[in-house]
Each structure stands twice: as structure tokens, then as C-alpha cells.
Amino acid sequence: METQALTASFTVIPNRHPASDEERWLAMENPVFGKVFTDHMARATWRDGEGWADHRIVALAPLPMHPGAAVLHYAQQAFEGLKAYRHEDGSVWLFRPEANAARLAASCRRMALPEVSEQDFMAALEGLIAADRNWVPGTPGASLYLRPFVFASEPSLLVQPAHEVEFLVTASPVGAYLSAGDTGVPIWVSRGYHRANPGGTGEAKTAGNYAASMLPQQEAKEHGCQQVLFLDAKEDTYVEEFGGMNLVAVRADGSIVTPRLSGTILPGITRDSILTLLRDEGRNVEERDLALTEILEGVESGEIVELFACGTAAVVTPVGRLASEDFDVTVPRVEGESVADAVLARLTDLQYGRAEDPHGWMRKVLDAPEG
Ligand code: PLP
Ligand code: COI
């Protein structure tokens with residue numbers, strides 16, 4: 001098969017058996033989040049003393065893996081999540097990808113993995129999106145979810161940083177992650193379990209944090225809730241974040257409160273963008289410790305009028321209920337347009353190119369098709 005150099009450093013070896021147009025259309029109709037994958041993946045390999053090499057875009061395929069690969073035993077891994085958006089003219093854009101590149105580098109440092117440079121990160125995304133351009137949805141609310149990840153592939157049971165590491169990016173057409181309906185998502189506040197500890201890995205985007213959230217997430221489901229909300233491990237008092245998104249509260253006076261970046265929560269790029277948009281509107285935004293009791297009492301008294309989850313997958317999703325072993329509180333829907341609705345519209349309007357991008361967050365990765 002013909003090999004062509006597409007970007008500075010990623011060589012493209014096209015998939016010989018890509019999905020047919022019909023298979024792709026079927027797969028892209030209402031995909032379950034993260035269950036449908038495109039025809040290609042980006043890949044590079046790192047060896048101690050040699051650095052990153054073999055940058056390539058290849059057919060999506062299972063990875064032959066030694067059973068002793070360190071990631072399978074010690075979870076030395078880091079990952080990212082970001083989306084590519086198709087604009088009305090057919091061009092394709094990424095939202096703040098350099099922020100994801102910087103966060104992946106920070107996560108890699110925490111996990112003693114080699115960093116992927118911003119240049120390689122961008123080249124992998126651009127090469128993959130170009131190879132799978134037909135997989136970028138054009139339907140409202142849909143996008144191509146990109147999953148860059150780095151993991152220890154060295155066969156070794158020694159507990160030490162691996163000498164062989166892989167960087168991959170997969171792509172998945174996606175729609176909504178959570179279904180809020182008319183009432184908002186029900187949330188389970190975990191009392192017995194914590195996601196992260198001071199000095200641990202909560203601030204890094206790494207597999208183990210999500211592994212730790214599975215059992216509490218299962219508990220949430222058993223109580224009819226869609227997501228789990230964690231409290232801080234030290235005092236068991238302050239809300240931190242959900243299993244896969246950040247939390248924002250809106251007060252009756254229109255001001256905003258959200259947990260500060262304490263070192264145990266993920267510094268969400270959606271969170272940062274939303275806080276910026278809300279500050280642009282002149283709202284007072286506080287990033288500070290936020291006690292669970294302040295939220296429960298605030299919802300009860302009407303001092304807190306909205307709670308919402310935010311993240312790449314969830315975008316902005318209103319919370320409708322907070323439950324745990326000792327409380328069950330409904331968050332009433334706001335009359336008229338909520339802050340969550342308004343900020344969701346502002347964010348998605350700029351992501352989909354329907355509104356100006358005052359902060360220069362969008363990066364074009366594919367031009368509009370000619371003609
Ligand atoms: N918190 C956690 C634990 C997450 O997994 C995510 C999703 O990536 C977020 C917050 C939100 O981060 P971002 O907005 O960068 O997607
Ligand atoms: C993302 O939003 O990118 C995440 O990684 C969250 C996960 C729950 C899908």
C-alpha cells in the first residue's frame with residue numbers, strides 16, 4: 001500500500017479495508033459514546049535512550065500486547081479527551097487542543113511517563129482527522145471525540161518507570177454523554193469512597209482515578225443515579241468533582257461558585273472555558289472550597305439555584321437531584337433560560353462556528369471542501 005507523508009512527522013499507511021459508506025453511516029447514526037471507532041489510529045513508540053519514533057497513522061487494529069506489559073499491572077498510563085467539530089461550511093476545528101497537550105504533558109510527568117510534545121500531539125490529531133475526515137459528524141450536537149493516550153508497554157513486573165511506552169490516538173463519532181431529560185441528571189454523592197488524595201494522582205488524567213470511581217459509580221447506578229460526586233478525602237466535607245466532569249453552582253444573585261483546583265481534582269478545560277465566559281458576562285466567579293452542606297442548605301433555601309456538570313464528554317449538563325445515604329434533594333428547574341442553558345449555547349455556538357471566538361480557542365484542522 002502506498003505510503004505518504006501527510007504531516008511533519010506522522011506517516012500515513014491507509015487502512016486497506018475501511019468501512020464502506022453505508023457501514024459508516026449506520027455506525028454514525030446515534031452512536032453510544034465511545035463504542036464506535038473510526039478506520040485509523042495515530043501511533044508513536046518511545047524507547048528509553050532513543051526517544052519518540054515511528055510516528056504513524058495506521059489502520060485501527062487490536063494491539064498485540066505482552067501479558068507482562070507494565071500498564072496491565074501497574075496502570076502507568078495517562079490520557080486526554082477532546083473533540084473535533086464540523087462547521088457549517090464543512091471545515092473541521094479543535095477546541096483548545098494546546099490545553100489538552102499541556103495537560104497530557106503534566107499527567108505524563110506525574111505518571112513518570114515520557115512527555116509527548118505539543119507538536120507531536122497536534123500532528124497526531126491532524127493526521128488522524130485528515131485520514132478519517134468522513135467520520136467527523138455534521139449533525140447538531142455530534143462531534144468526533146479524540147482519545148490520546150500514553151501507556152507503559154514494556155514487559156516488566158518491576159515497579160519502576162517503563163523503558164518502552166506507546167502513544168496512541170483513537171477517534172469516535174459521539175453525541176451526548178449524559179441524558180439530562182427535562183429534570184437534569186440525578187447524582188449520587190459517595191460517602192464511603194474517595195476518588196483522590198492529597199499528593200495522589202487526582203490532578204492527573206490517568207486510568208487509575210477512573211478505576212477507583214467504578215465501584216462508587218456502580219453504587220450510584222444502583223440508587224438510580226447517573227453519576228457519582230466525590231467529597232475531599234482529607235475532611236470528607238468539600239465537594240470535589242464527578243467521576244468524569246467538574247461541578248459548578250449558580251447562586252440566586254447570579255454569581256458562580258466552583259471547587260478550587262486543590263490538586264486533587266482535574267483542571268477541566270471546559271470548566272476553565274465556562275468560568276472565562278461567565279466572567280466575560282460580568283458575573284462574580286468564586287473558585288474556593290465548597291462544602292456539601294453549603295450546597296444542600298443552599299438548594300433547600302433557594303440560595304443555590306442551579307448545579308451543573310461540565311466536561312468535554314458531558315459539555316454542560318444540569319443536575320436535577322443530589323442523593324446519598326442520608327439525603328435526597330431535588331434541584332428545581334429554573335424558570336426561563338438557566339445559566340447552564342445560556343453558557344452551553346455560548347460554548348457550543350463558538351465550538352460549532354456559529355458565533356465569534358473572542359479568546360481564539362478554535363484551531364482549524366481541515367479546510368472546507370472545495371466547490
Ligand atoms: N473531571 C474529570 C474526572 C474528568 O474525567 C473530566 C473529563 O475530561 C473533567 C473533569 C472535565 O475536563 P475537560 O473539561 O477538560 O474535559
Ligand atoms: C472527557 O470528558 O473527555 C472524559 O474523559 C470523561 C469521561 C467520562 C468520558
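What follows is a working chat about a predicted model with two ligands and two domains.

Trainee: Before we start, what should I keep in mind about the numbering and the model?
Mentor: Residues are numbered from 1 along each chain as its sequence is written, while chains are lettered from A and ligands numbered from 1 in the order in which they are written. This is a predicted model, in which local features need pLDDT of at least 70, side-chain atom pairs count only at pLDDT 80 or more, and totals for chains, interfaces and linings use all residues, and side-chain values use heavy atoms, with hydrogens and water left out.

Trainee: Okay, which residues come nearest to ligand 1?
Mentor: K205, Y210, E241, T270 and T312 do, out of 17 residues around ligand 1, where a residue counts as near if one of its heavy atoms lies within 4 Å.

Trainee: And which side chains make polar contacts with it?
Mentor: Among them are Y210, with a polar side-chain atom 2.5 Å from an oxygen atom of ligand 1, and E241, with a polar side-chain atom 2.5 Å from a nitrogen atom of the ligand. In the side chain of T270, an N or O atom is 2.5 Å from a ligand 1 oxygen. A polar contact here is a pair of N or O atoms within 3.5 Å; within protein, one must be able to donate a hydrogen and the other to accept it, and residues adjacent in sequence count only if both atoms are side-chain atoms.

Trainee: How much of ligand 1 does the protein bury?
Mentor: Taken alone, ligand 1 exposes 380 Å², and the protein buries 97% of that, with accessible areas from the Shrake-Rupley method and a 1.4 Å probe.

Trainee: Switching to ligand 2, where does it lie relative to the domains?
Mentor: Ligand 2 lies between domain 1 (2–175 + 355–366) and domain 2 (185–334), because both give residues to its shell; the bounds come from an automatic or database domain assignment. The residues around ligand 2 include F33, F79, Y145, K205 and A313.

Trainee: What are the polar contacts there?
Mentor: Oxygen atoms of ligand 2 are 2.6 Å from an N or O atom in the side chain of Y145, 2.7 Å from one in the side chain of K205, and 2.9 Å from a polar backbone atom of A313. The protein covers 89% of the 280 Å² of accessible area that ligand 2 has on its own.

Trainee: How do the two domains meet?
Mentor: Their centres, taken over C-alpha atoms, are separated by 28 Å, and 20 residues of domain 1 are in contact with 20 residues of domain 2, contact meaning heavy atoms within 4.5 Å. Between them they bury about 1,600 Å², 61% of it on carbon and sulfur atoms; buried area is the accessible area (1.4 Å probe) that two parts lose on being put together, summed over both.

Trainee: Last one, what does T276 touch?
Mentor: Leaving aside neighbours within four places in sequence, T276 is in contact with H359 and W361, and its side chain reaches the backbone oxygen of D272 at 2.8 Å.
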